[in-house]
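Trainee: Please pick one part of this model and look at it closely. Then show me how it sits in the whole.

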Number of protein chains: 2
Amino acid sequence: MEPVLLEQNKKKSLHPSLLTEIARKRAFLKGTIDPFRCVAKELELVERNLARSIRCAEQVLTDISAHLILGGGKRVRPMVTLLAFKVVGGKKTEDIVDIATAIELIHTATLLHDDILDGADCRRGKESDYKKFGLKATLVAGDFLFIKAFEFAGKFDATVVQWTADACTRLTEGEILQGFFNRKLEVTLEDYLEIVRRKTASLFQTGAKVGAYLAGAGPSFVEEMGRYGSNLGIAFQIIDDVLDVVGHKELLGKPVGMDLRDGNPSLPIILAIREGQRAVAEAFQSDSLTEEMIRTAVDAIGRGPAIAKAKTFSRSYAEMAFKPVQKLPPSPYRNGLKTLVQLIVERDF
Amino acid sequence: MEPVLLEQNKKKSLHPSLLTEIARKRAFLKGTIDPFRCVAKELELVERNLARSIRCAEQVLTDISAHLILGGGKRVRPMVTLLAFKVVGGKKTEDIVDIATAIELIHTATLLHDDILDGADCRRGKESDYKKFGLKATLVAGDFLFIKAFEFAGKFDATVVQWTADACTRLTEGEILQGFFNRKLEVTLEDYLEIVRRKTASLFQTGAKVGAYLAGAGPSFVEEMGRYGSNLGIAFQIIDDVLDVVGHKELLGKPVGMDLRDGNPSLPIILAIREGQRAVAEAFQSDSLTEEMIRTAVDAIGRGPAIAKAKTFSRSYAEMAFKPVQKLPPSPYRNGLKTLVQLIVERDF
């Protein structure tokens with residue numbers, strides 16, 4: 001069976017529309033200093049690892065995984081991991097590629113399970129796996145990707161295993177905390193940041209720490225790179241939240257207003273509620289939402305100051321992310337880490 | 001927060017009704033040669049690992065995990081792992097306890113996700129986590145337990161990591177294959193055995209292999225112990241299937257007829273359909289089952305020869321399991337492995 005699966009995966013990874021989509025999404029990274037180009041070789045190895053890892057005896061598990069993994073992810077987490085490794089002068093490419101693969105697999109596994117939790121219809125511009133393949137197969141495919149991540153991460157020393165496991169534990173805790181504040185008006189900014197630290201920033205943080213650690217950096221620089229990752233992750237999530245209000249459906253690959261629809265406390269929603277936007281508060285806490293209510297609330301957030309405020313928040317985390325990087329001697333990788341921060345806060349998808 | 005959580009877990013693990021339940025369930029293992037007693041110390045360490053591993057910042061994840069893990073599992077998989085280690089003369093207790101813990105955590109994670117897949121109301125004599133805590137928290141708690149398993153298994157060498165990951169992959173493949181044959185009359189005995197090999201036997205097999213391997217056994221004996229585990233796992237699953245028809249609700253901790261209810265192709269169902277039992281065939285493929293249809297079909301299986309045939313199957317796998325053990329020099333552990341096989345095919349829960 002293996003050669004057949006390989007052939008199919010190859011075809012999938014070369015499918016013109018997918019390539020176009022990935023190229024379009026990655027075009028944002030082609031600035032004057034391109035953080036993607038200086039780790040392009042390693043990112044390509046991550047892609048190969050990902051395509052190889054999803055092969056298994058049950059075609060549907062491969063199909064579900066391929067649908068999401070080969071469907072145009074931005075690969076920001078592997079990029080952070082690779083740049084943090086290279087910036088310290090890391091040489092042993094195979095190791096860093098394997099842990100970067102594990103981190104992307106963990107992220108993808110959580111996306112599959114998230115789509116079940118949110119009942120999501122769309123993801124990355126396509127029908128979600130959950131909608132296309134149903135709850136049962138999607139749940140099992142999420143487990144399958146967690147297991148594949150374990151296969152890649154389990155070969156490292158106790159420190160890397162522990163950091164990776166801790167990041168995953170924090171992801172699940174963040175998921176629970178977010179569920180706790182679902183449609184709850186009393187959610188505060190501090191609650192929001194705690195959710196984001198656990199649910200989004202922890203994996204960025206671990207990727208950056210592991211990258212520096214495997215390159216041989218000392219404990220204090222490893223921690224500094226961890227702060228880079230964590231602050232970058234928070235900035236990234238805030239922009240995700242902003243785009244959910246003011247983004248374009250075609251670029252996002254999903255309709256706007258999903259956070260309101262799902263009752264997830266996003267930063268613009270929290271800020272708009274604090275501003276006294278009644279339409280937003282009503283929509284956020286309603287469990288019988290209409291399309292009209294969502295449209296009205298999304299418009300209200302967009303017209304008020306919440307979006308500008310959220311962008312300011314994002315930029316301040318981006319600045320904090322950049323601090324440890326500034327201390328480093330100039331190199332394409334240092335510039336890569338810097339540009340990545342800028343592009344993440346300026347992106348429109 | 002930690003001391004509070006510890007306190008609560010301690011209280012839970014000492015709850016009299018739970019202890020009674022565990023004691024009642026473990027009483028079956030108190031034969032003339034007690035496979036439980038000769039690894040009692042190590043099993044106690046597994047229990048402590050399990051109780052410690054489920055502590056986390058989100059109480060609901062701890063609660064869901066405790067509800068299932070501290071709620072009277074038979075610990076057959078850790079027992080196989082520990083006995084396979086001890087029988088070869090393994091000494092480094094901490095290592096084997098950690099991998100036995102990982103294997104039980106993987107098993108428990110799949111139980112949580114299985115209950116979602118089956119929409120199960122009961123598990124181990126209590127309301128299922130899925131029923132009690134809902135889909136979202138139960139799904140995340142399953143991920144949490146997979147992650148904890150990874151924490152325990154990830155510290156081992158590449159061989160152990162690979163075997164453990166392979167067993168998990170086969171679990172997910174088995175889950176998909178079982179789903180494929182859900183309510184499908186064309187399911188064959190060979191399909192059944194393939195499902196069971198992947199979904200149940202693979203974890204028993206890996207436990208036994210890892211046990212022998214970590215004790216320093218050579219490759220051929222490691223493979224033989226793997227066959228012990230695999231055949232024991234198949235015998236175990238067949239008895240599970242039999243008890244789903246002729247077991248007692250109180251001993252099982254769930255109603256009989258669950259396989260028919262869920263449309264899962266169990267061995268007695270497949271055999272009864274082959275015998276031409278029309279009530280069974282109708283109930284198995286119906287997606288609008290009534291309680292009356294289930295009762296009639298369960299009675300029909302019980303009256304026909306399917307149960308006796310299934311027990312014969314189970315005994316033949318038990319005999320195959322015992323073959324590699326017979327070659328070993330006499331020891332309490334060899335007797336433990338032997339008695340475990342006998343008790344598993346003779347159990348009534």
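Mentor: Some terms come first. Helices (H or I, at least four residues) and strands (E, at least two) are DSSP runs, numbered from the N terminus. Buried means 20 or more other C-beta atoms within 10 Å of the residue's own, exposed means 12 or fewer, and partly exposed lies in between; C-beta atoms are placed from the backbone. Contact means that two such C-beta atoms lie within 7 Å.

This is a predicted model: local features need pLDDT of at least 70, side-chain atom pairs count only at pLDDT 80 or more, and totals for chains, interfaces and linings use all residues. Residues are numbered from 1 along each chain as its sequence is written, while chains are lettered from A and ligands numbered from 1 in the order in which they are written.

Now the helix itself. α5 of chain A runs over residues 76-87, which is 12 residues. Of its 12 residues, 12 are buried. Among them are Val76(A), Arg77(A), Pro78(A), Thr81(A), Phe85(A) and Lys86(A). After the helix comes Gly89(A), with a positive phi near 95°.

Step back to the chain. Chain A holds 17 helices and two strands. Of its 349 residues, 54% are buried. Take the contacts in chain A between residues at least 6 apart in sequence: 74% of them join residues at least 24 apart.

Next, the core. A nonpolar core is a set of buried Ala, Val, Leu, Ile, Met, Phe, Trp, Tyr and Cys residues joined through C-beta atoms within 7 Å. The largest one has 228 residues, and Ile99(A), Ala235(A), Ile99(B) and Ala235(B) touch the most other members. Leaving out residues up to four places away in sequence, Ala235(A) touches Ser314(A), Tyr317(A), Ala318(A), Ala321(A), Ile344(A) and Val345(A).

One loop residue is worth a stop. Arg183(A) lies between α8 (158-180) and α9 of chain A. Its phi is positive, near 60°, though Arg183(A) is not a glycine. Arg183(A) is partly exposed, with 16 other C-beta atoms within 10 Å. In chain B, Arg183(B) also has a positive phi, of about 60°.

Where do the chains touch? The contact takes 33 residues from chain A and 33 residues from chain B. On the chain B side, α4 (59-69), α6 (93-118), α7 (129-153) and α8 (158-180) each supply at least two residues. α8(B) gives the most, 12 residues. By class, the chain B side has 20 nonpolar, six polar and seven charged residues. Here Ala, Val, Leu, Ile, Met, Phe, Trp, Tyr, Cys and Pro count as nonpolar, Asp, Glu, Lys and Arg as charged, and the others, Gly among them, as polar. The copies meet through the same surface, because 100% of the interface residues of chain B are also interface residues in chain A.

Conventions:
Expected span 1.5 Å × (residues − 1).
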